[in-house]
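Here are my notes on this model. Please read them with the structure open.

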Amino acid sequence: MASSGSPKIALITGITGQDGSYLAEFLISKGYEVHGIIRRSSSFNTGRIQHLYSNPASHVEGSMKLHYGDMTDSSCLVQIISSVQPREVYNLAAQSHVKVSFDMSEYTAEVDAVGTLRLLDAIKTCKFHHQVKFYQASTSELYGKVVETPQTETTPFYPRSPYACAKLYAYWIVVNYREAYNMFACNGILFNHESPRRGENFVTRKITRSVAKISLGLMEYVQLGNLDSKRDWGHAKDYVEVSSFERIEWRDFVHTYRLYRDIGHISVTKLQKYTQ
């Protein structure tokens, strides 16, 4: 491991996503050397982090360094952990679309559930489990069919989708590794958080893009599902900053609902005129 005088080194899975890009920005601003794992693609998939290159035009790396890898490949995870030797690992990688998880349930389990186990085991295999701080991005979907409102740290989990079930396994395997191997490993249960970087197939971007098209006369209405749903929404940038180990000082970071719900509360309202 690096000495105390060396730059802090963080490894982020899912760095090309909404949360990963904001977290990379925040950690670089704090003087970190940030490493990210990206999947091999025939097209560039680094649009959200393009500006973090030392030279965005030529993809010259600076404080951000990228490594090809996949949460389904144990050997590459071991190699990356061994070469990067991070002090902090943030596991944000996931197949995170609830509806898609019903169509791709096995893949969702491989990435979201077993992928978390692979990453934890890679840290242990490299014998870094007593030095590395591990953060697992969990989800309010664990509560699913809620048994009480509002949900608290003691609310029982009741997952209602393959995505939530996979995340539930990830949650408990993090707890297991913390208790079995004395790892600094913690879960952050994040409620809905959005930004302009949110994927266009998620509901907030779907609504905002549709409203723009309606105003331009390109659409007549936006078609949504349950209009009676209510969610606490915050900005993704606020959530990832609070999730970083720059802010986390305790061992178990599962008390996130109370922490997050006042960061940015937005009630979902019915778009009565333009929805069906």
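Which residues of α7 are buried? They are A236, Y239, V240, E241, V242 and S243. Buried means under 20% relative accessible area, exposed over 50%, and partly exposed in between (1.4 Å probe, protein chains only).

1. Ground rules. This is a predicted model: local features need pLDDT of at least 70, side-chain atom pairs count only at pLDDT 80 or more, and totals for chains, interfaces and linings use all residues. Residues are numbered from 1 along each chain as its sequence is written, and side-chain values use heavy atoms, with hydrogens and water left out. Helices (H or I, at least four residues) and strands (E, at least two) are DSSP runs, numbered from the N terminus.

2. Helix α7. Six of its eight residues are buried, and the helix is mostly covered.

3. The largest nonpolar core. A nonpolar core is a set of buried Ala, Val, Leu, Ile, Met, Phe, Trp, Tyr and Cys residues joined through side-chain atoms within 4.5 Å. The largest one has 27 residues. I12, I15, L27, Y90 and Y135 have the most contacts inside it. Elements giving two or more residues to this core include β1 (9-13), β5 (133-139) and α7 (236-243). The most comes from α1, with five residues.

4. In soluble globular proteins, nonpolar side chains tend to be buried together.

5. Y90. Contact means heavy atoms within 4.5 Å. Not counting residues up to four places away in sequence, Y90 touches A10, L11, I12, T13, L23, L27, Y135, S243, S244 and F245.

6. Strand β5. Six of its seven residues are buried, so β5 is largely enclosed by the rest of the structure. Two strands pair if DSSP finds at least two bridges between them. β5 pairs with β4 (residues 88-91) in the parallel sense, over four bridges. There, F134 is the bridge partner of V89. β5 also runs parallel to β6, joined by seven bridges. Here Y135 has C186 as its bridge partner.

7. The crossover. β5, helix α5 (residues 162-181) and β6 make a right-handed β-α-β unit. Right-handed means that, with the strands pointing away from the viewer, the path from the first strand over the helix to the second runs clockwise.

8. T116. This residue sits in helix α4 (residues 105-125). T116 is buried, with a relative accessible area of 1%. Leaving aside neighbours within four places in sequence, its contacts include M71, N91, F134 and I173.
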